[in-house]
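Please read the numbered points with the structure in view.

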Amino acid sequence: MLRLSVVLLIASVALASAASLKQGLTRSSNRLGRIAGGTLAEPGHFPYQVALLTADGLHYCGGSIVNRRWVLTSGSCAIGKTTSDIVVFAGSNLLNEGGQRYRVDRIVLHPNFDVEVYANDVAVLRVVESFIFSDTIQQIPLRGQFVETGLVATASGFGRESISDIGLEDLRFVEVEVISQDECREVFDENYTPRLMDNTVCTTSQEGQGICLGDAGGPLTNDGELIGVISWGIPCGLGMPDVYARVSAHRAWILVHTMI
C-alpha cells in the first residue's frame with residue numbers, strides 16, 4: 001500500500017503558491033513541458049488546449065477552451081488565485097514559441113469544491129479579450145453522456161514527463177482507457193477512496209505513461225468532446241490510475257457560468 005504521507009499528487013503543484021513553484025519543483029530555469037511518456041503533439045492537434053501561467057510566465061496548470069470567453073480548468077488550479085495571478089496561453093504546442101496570452105477578468109470556482117478530497121474539482125476562467133478562433137485556437141464541446149468503462153480517451157498537457165526529468169516546453173498526449181470506479185478503488189490505498197466519486201473518472205494507461213506535475217486542469221477527450229478535467233494522480237506514469245472531474249456531471253454548472 002502507498003502511504004498518503006509520502007505520495008506526491010498531481011494537484012499539489014496547482015495548489016502551491018507561485019513563490020513556492022519558483023523555489024521548489026518547478027523553477028523557472030528548470031521547467032518541464034511533457035506529459036509522462038506521451039507523444040509530441042503536432043501544431044494545431046489540440047487547439048482547445050491552453051496552459052495557465054503565473055503573472056511572470058511560469059507554467060503551472062492546463063485548461064480547455066469552452067467558448068470565445070471561457071476556459072475550463074480544475075478547482076485546484078484556481079483556488080486562492082486572483083485575476084492578476086493567471087495568464088491563459090493559447091494557440092501553440094510550444095510554451096516558448098508562438099501562441100497568444102490572454103488576461104483573465106473573472107474566476108468562478110465550483111461552490112462545492114473540497115480541497116481535502118478534490119470533490120467537484122472544476123473552475124472556469126473568463127478572458128478579457130475574446131479568443132479569435134483559428135486552426136490553432138478552438139473551443140471543444142462538453143460531453144453530456146456518462147462515460148462508459150472501456151472507452152479509449154486522450155489526455156494532453158504541458159506538464160512534466162517525470163518528477164525529476166528536465167525537458168522541453170512542448171505539448172504531449174497519451175492514450176488512456178476509462179476504468180470502473182470499483183476497479184479504481186481496488187487499486188488505491190483506502191486513504192484515497194474518499195476522492196473517488198460518481199462525478200470522477202478514472203483511467204489507466206501503460207506503465208511509464210500518464211499525467212504528471214503541471215497537467216492538472218487539462219483535458220481528457222474522446223471523439224472530439226471533453227469528457228474529463230485532469231484532477232489528481234500519483235506521478236508520474238507509475239502504473240496507478242489517473243483521476244479526472246467528470247464533465248457530464250458538471251456540464252450544467254459549466255454552461256450556466258460560461259454564458260458570454
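**Notes on the fold and selected residues**

1. Among contacts between residues at least 6 apart in sequence, 74% join residues at least 24 apart. The model under discussion is a predicted one. Its secondary structure amounts to five helices and 13 strands, and 56% of the 260 residues of the protein count as buried.

2. Helix H5, which spans residues 247–257, has as its buried residues Val-247, Ser-248, His-250, Trp-253 and Ile-254. The cover over these buried residues includes strand S4 (70–73), strand S6 (100–109), strand S7 (123–127), strand S12 (225–232) and strand S13 (242–246).

3. Strand S4 also holds Thr-73. Thr-73 has a relative accessible area of 0% and is therefore buried. Its side chain reaches the backbone oxygen of Gly-62 at 2.8 Å. Leaving aside residues up to four places away in sequence, Thr-73 touches Leu-52, Gly-62, Gly-63, Asp-121, Val-122, Ala-123, Leu-125, Gly-217 and Val-229.

4. The side chain of Asp-215 does reach a backbone atom: the nitrogen of Cys-212, at 2.8 Å. Not counting residues up to four places away in sequence, Asp-215 touches Ile-35, Gly-62, Gly-157, Phe-158, Gly-159, Arg-160 and Ile-230.

5. The aromatic residues form six pairs. Why is the pair of Phe-188 and Tyr-192 classed as tilted? The ring centres of Phe-188 and Tyr-192 lie 5.5 Å apart with the planes at 40 degrees, so the pair is tilted; stacked pairs have planes under 30 degrees apart and edge-to-face pairs over 60. Both Phe-188 and Tyr-192 are buried. Elsewhere, Phe-46, Tyr-48 and Phe-173 make up one aromatic cluster.

6. Charged groups also sit over aromatic rings. The charged end of Lys-81 is placed over the ring of Tyr-60, 4.6 Å from the ring centre. The charged end of Arg-246 sits over the ring of Phe-146, with 3.8 Å to the ring centre.

Notes:
Residues are numbered from 1 along each chain as its sequence is written. This is a predicted model: local features need pLDDT of at least 70, side-chain atom pairs count only at pLDDT 80 or more; totals for chains, interfaces and linings use all residues. Side-chain values use heavy atoms; hydrogens and water are left out. A polar contact is a pair of N or O atoms within 3.5 Å; within protein, one must be able to donate a hydrogen and the other to accept it, and residues adjacent in sequence count only if both atoms are side-chain atoms. Contact means heavy atoms within 4.5 Å. Buried means under 20% relative accessible area, exposed over 50%, partly exposed in between (1.4 Å probe, protein chains only). Helices (H or I, at least four residues) and strands (E, at least two) are DSSP runs, numbered from the N terminus. Rings of Phe, Tyr and Trp (its six-membered ring) pair if their centres lie within 6.5 Å; planes under 30 degrees apart count as stacked, over 60 as edge-to-face and the rest as tilted. A charge sits over a ring if NZ of Lys or CZ of Arg is within 6 Å of the ring centre and within 35 degrees of the ring normal.
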